[in-house]
Amino acid sequence: MDTMSLLMQGFAVALTPESIMFAVIGAILGTLIGALPGLGPANGVAILIPLAFSLGLSPTSSLILLTSVYAGAMYGGRISSILLNIPGDEPAMMTCLDGYPMALKGKAAEALAISAIASFIGSFIATIGLVILAPILAKFALKFGPAEYFALFALAFATLGGITGKNQFKTLMAAAIGLMIATVGIDISTGVQRFTFNTLELFEGVDFIIAIVGLFAISELFFFLERHAGDGLKQVAINKLKLSPKDIIKVLPASFRGAVLGFVAGVLPGAGASLGSFISYTVEKRVSDKGEFGKGDPRGVAAPEAGNNGAASGALVPMLTLGVPGSGTTAVLLAMLISLNISPGPMLFQQNADLVWGVIAAMFIGNLVLLLLNIPMIGIFVKLLSIPPKYLMPIVTLIASVGIYAVSHSALDLYFMVGFGVAGYIFRKVDIPLVPIILGMLLGPEMEKSLRHTLVLSDGDWTALFNSGLSIGLWTVAILGLVLPIIVGPIVRAKMAKSKTATKGD
Amino acid sequence: MRINDRVFGMLMLIIAVAYGYEATQFPIPFGGQESVGPETFPIMLSLLLGVSSIYMILRPDPDEKWAPSAMLIELGIVVLSLLAFAWAIEPVGFMPAAALVVSFLSWRMGASITKSLITGVSSSVVIFFLFNNVLELALPLGLLEF
């Protein structure tokens, strides 16, 4: 079918020496970023966007670079889960359950290798899923009118808190703050200045890349300072790898199951990678014979890792086809697409087919690179992990600010970055999630545009927003996404906490 | 204590009202009033923020602990040092400004003075040459320019 031939064309793009080089660089950087405690994937990609931007890389190269960083960060996250018992980000939490006990038993190298293989399987299967599902969804999304898009954006915000979200009103508040920041500047369709206070620098609005780096990276620095976490943590020593093919075969079924479950969780709005790895782990525990789950069962490492990576690739499906990201990191990837002047959504597959398929092909290659890098080079990554944050965080902060400065050569952007950092610190203190803020800034202009189009077409009739069956369906899911977590959330969270304490009790 | 959420909710409520009021004051765009003006979407947002901040004031979550005031002052100084770096990058130059701010940060995070100076100076020099010569993004030399 044409998907196949498009994919082949994609491989032609992805196999040029230049693309392979960017995939390798991205994979290495991503693994490092993921491995460093406190620097999650969203942070890492955010810091690298302005760099890719100011280097003047072509859209394809920068996308390849940053998607491999994304994939690499998912790989790297498991290193600190296994060796330090500290998840790099939330989805990596489930890997701690069996990974750390394995490391304590002196099987750290095996745990790392198994998780690398499981990660590879997870991403690989999910990328195949992406190849099959994305064009179908894109074709379907072509039916969307402005009213449906408005409903879809509302759905994205409503489900962003996820099924485990604690306080839905805080998610909404964060979304409102982000959307409000997006309205600053000259209104595109009427030319009216909004909230600019006649300041020339605000006419173009607030750059979301500055906001991302400030909110994520700079506020993280403040938290490190506050917690006196400068010295880093003690890690388990790593042993020599003894892995037989039999051990690998033993974890294969777990990895496959985890990958599929993770992919589904990644595609669905509001589920995300955390739920992906959680479901994979619990299902694996139920399906498998009585293993030693929680005490260092290799399958307990493989299943959540495959689920986590599967969900990460699955989350790219709604991001690429609808322009609606489901997680923090995909939101950051969306930021990059918008700043490269590529509007994601169904038209992406028609207008920028070579770019999309090039990136998808690059994901296959990036994964292979990651697997090949990770098994022999794990020692190097582990060494880098032991650099204490007191040296690393200041340097990361410096690189982040240089990236911001290099885009515009304006010190004002740096002031804004610090301002967003302080705001991010306060938001995190009062538990306001940061991702909806970013997403609001990203989707604000589009959301307002679709509202306008709908109302202009209907001559000011607000019921036009709910006129088609499709938009009613989307609104229903949005409302469910908002209400369900209030009912189901406490149950799921209690279960997650229970499986965590059960392990600690042993 | 549940004071954080109440104070923050109050603050956001003020912002919501001010933002919504400002939106009603927009000049009528050229070409006359349409069914959706530049103020429609902002007014919806101010309602959304208003409702969620009222909820936050009425049903606050338990507080997360704030750092002791000594730490807050220290964080304030760190913010000032970052702002000073932003100010100094052009007149003083990238290398001296970056060396100072990185040394200061890593000293505050608990490194010894010598080690933090080494980190600061070496990282700023390496990054400067990496950007200027390898990546060809000019960073300001500042005082070192002659």
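Chain B reads α-α-α-α-α along its sequence, with 5 helices and 0 strands. In this predicted model, chain B has a radius of gyration of 24 Å, whereas a compact globule of 146 residues would have one near 15 Å. Chain A, by contrast in composition, comes to 19 helices and 2 strands. The radius of gyration of chain A is 22 Å, close to the 23 Å given by the globule rule for 506 residues, so chain A is as compact as a globular protein of that length.

**Chain B: dimensions and domains**

- The C-alpha trace of chain B spans about 60 × 50 × 25 Å along its principal axes.
- Chain B is divided into domain 1, covering residues 3–58, and domain 2, covering residues 69–144.
- The C-alpha centres of domain 1 and domain 2 of chain B lie 39 Å apart.
- Of the 146 residues in chain B, 35% are buried.
- Among contacts in chain B with a separation of 6 or more, 59% join residues 24 or more positions apart.

**Chain A: dimensions and confidence**

- Along its principal axes, the C-alpha trace of chain A spans about 70 × 50 × 50 Å.
- Buried residues account for 61% of the 506 residues in chain A.
- Residues 24 or more positions apart make up 81% of the contacts in chain A with a separation of 6 or more.
- Chain A has a mean pLDDT of 81, and 92% of its residues reach 70 or more.
- Within chain A, confidence is highest in H17(A), at a mean of 91, and lowest in helix H19 (residues 469–505), at a mean of 75.
- Where pLDDT is low, the predicted coordinates should not be read in detail.

**Contact between the chains**

- The contact takes 51 residues from chain A and 49 residues from chain B.
- On the side of chain A that touches chain B, at least two residues come from each of helix H7 (168–183), helix H8 (208–227), helix H16 (389–408), helix H17 (411–429) and helix H18 (435–457).
- H16(A) gives the most to this side of chain A, with 12 residues.
- By class, the side of chain A that touches chain B holds 32 nonpolar, 9 polar and 10 charged residues.

**Nonpolar core**

- The largest nonpolar core has 211 residues, and those with the most contacts inside it are Leu66(A), Ile212(A), Val213(A) and Ile438(A).
- Helix H5 of chain A (residues 93–141) provides the largest share of this core, 25 residues.
- Chain B also takes part: domain 1 (3–58) and domain 2 (69–144) of chain B each supply at least three residues to this core.
- Leaving aside residues up to four places away in sequence, Val213(A) touches Ala46(A), Ile47(A), Ile218(A), Ala400(A), Ile404(A) and Met417(A).

- Most residues other than glycine have a negative phi.
- Phe195(A), although not a glycine, has a positive phi of about 50°.
- Phe195(A) lies in the loop between strand E2 (193–194) and H8 of chain A, and is partly exposed, with 18 other C-beta atoms within 10 Å.
- Asp431(A), likewise a residue other than glycine, has a positive phi near 70°.
- The position of Asp431(A) is in the loop between H17 and H18 of chain A.
- Asp431(A) counts as partly exposed, with 18 C-beta neighbours inside 10 Å.

Methods
Residues are numbered from 1 along each chain as its sequence is written. Chains are lettered from A and ligands numbered from 1 in the order in which they are written. This is a predicted model: local features need pLDDT of at least 70, side-chain atom pairs count only at pLDDT 80 or more; totals for chains, interfaces and linings use all residues. Two residues are in contact if their C-beta atoms, placed from the backbone, lie within 7 Å. Helices (H or I, at least four residues) and strands (E, at least two) are DSSP runs, numbered from the N terminus. Ala, Val, Leu, Ile, Met, Phe, Trp, Tyr, Cys and Pro count as nonpolar, Asp, Glu, Lys and Arg as charged, and the others, Gly among them, as polar. A nonpolar core is a set of buried Ala, Val, Leu, Ile, Met, Phe, Trp, Tyr and Cys residues joined through C-beta atoms within 7 Å. A residue is buried if 20 or more other C-beta atoms lie within 10 Å of its own, exposed if 12 or fewer, and partly exposed in between; C-beta atoms are placed from the backbone. Domain bounds come from an automatic or database domain assignment. pLDDT is the predictor's confidence in each residue, from 0 to 100. The radius of gyration is taken over C-alpha atoms; the globule rule is 2.2 Å times the number of residues to the power 0.38.
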